[in-house]
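Subject: A structure for you to look at

Hi there,

Here is the structure I promised to pass on.

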Amino acid sequence: MPDGAVSLDVRFAKIGEDAVPFDDVFSSDWFFEPVRYVYENGLMIGVSDTLFGPQTSVTRAMIWATLARQANAQDLPAGDEWYSGVQAWAIESGISDGLRPNDSVSREEFVTMLHRASETPAATADLSAYSDAGTISPWGKDAMVWGVEKGLITGLTETTLAPQAATTRAQAAAILQRFDTLLA
């Protein structure tokens with residue numbers, strides 16, 4: 001027995017199928033498996049030690065960081081902002097223009113970055129089943145066709161892709177899991 005006072009730091013951890021450290025991600029959530037995948041593979045971290053923030057929009061800088069991790073980018077230059085290294089990497093890699101790091105990423109912007117990371121392969125998927133296909137920006141059309149063809153992005157409903165909608169962290173996790181599987 002110790003002579004003095006003893007303090008204990010007790011932490012409770014989820015085990016088994018609930019083995020993610022996030023209090024806002026449950027095994028019954030549609031995004032549970034994607035979140036577990038991106039967390040276990042070091043592609044995404046939480047917005048805090050205990051929260052993933054599944055409904056929070058991802059920023060351009062977050063996507064640059066995730067794609068840099070996925071590409072095993074090393075020795076990224078440091079800068080004044082946390083994202084400076086991944087920003088420079090994204091520009092150099094041709095994935096992004098590096099502008100507006102704190103802006104939310106739309107679904108079409110995210111898929112376009114993935115398309116560029118894949119060296120812009122051609123695709124021929126038919127998007128006519130989506131009533132909002134006409135709202136895809138001209139610069140994002142080839143990427144969205146590719147994303148749908150490869151199964152990376154699915155509609156928010158059976159008839160809408162919502163290309164202009166902000167990408168949530170849950171959606172990003174699902175798309176990244178599919179993209180990582182595509183690369184394998």
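This is a predicted model: local features need pLDDT of at least 70, side-chain atom pairs count only at pLDDT 80 or more; totals for chains, interfaces and linings use all residues.

One definition before we start: a crossing of two helices is left-handed if the near helix is turned anticlockwise from the far one by less than a right angle, and right-handed if clockwise. Helices (H or I, at least four residues) and strands (E, at least two) are DSSP runs, numbered from the N terminus.

Residues are numbered from 1 along each chain as its sequence is written, and side-chain values use heavy atoms, leaving out hydrogens and water.

**The whole chain**

Of the 184 residues, 42% count as buried (buried is under 20% relative accessible area, exposed is over 50%, and partly exposed is in between, with a 1.4 Å probe and protein chains only). The chain exposes about 10,300 Å², and 51% of that comes from carbon and sulfur atoms (areas by the Shrake-Rupley method with a 1.4 Å probe). If you count contacts (heavy atoms within 4.5 Å) with a separation of 6 or more, 66% of them join residues 24 or more positions apart.

**α4 and α6**

Now for that crossing. Helix α4 (residues 107-117) and helix α6 (residues 169-183) pack at about 20°, and their axes are 12 Å apart. That makes the two helices roughly parallel, as angles under 35 degrees count as roughly parallel, over 145 as roughly antiparallel, 65 to 115 as roughly perpendicular and the rest as oblique. (The axes are lines fitted to C-alpha atoms over the stretch in contact, and angles run from 0 to 180 degrees between N-to-C directions.) The crossing of α4 and α6 is right-handed.

Which residues make the contact? From α4 they are R107, F110, L114 and A117, and from α6 they are Q171, A172, I175, L176 and F179. They divide into seven nonpolar, one polar and one charged (Ala, Val, Leu, Ile, Met, Phe, Trp, Tyr, Cys and Pro are nonpolar, Asp, Glu, Lys and Arg are charged, and the others, Gly among them, are polar).

**α5**

The buried residues of α5 are A143, M144, V145, W146, G147 and V148, and they pack against α4 and α6. Just after α5, G151 takes a positive phi of about 75°.

**Loops worth a click**

Most residues other than glycine have a negative phi. R100 has a positive one, near 50°; look for R100 in the loop between α3 (84-92) and α4, where R100 is partly exposed at 39% relative accessible area. E119, also not a glycine, has a positive phi of about 65°. E119 sits in the loop between α4 and α5 (141-149) and is exposed, at 68%.

Last stop: S57, in the loop between α1 (32-40) and α2 (60-70). S57 is partly exposed, at 27%. Leaving aside neighbours within four places in sequence, S57 is in contact with M62, S104, A166, T167 and T168. The C-alpha atoms of S57 and A170 are separated by 8.9 Å, although the two are 113 residues apart along the chain.

Cheers
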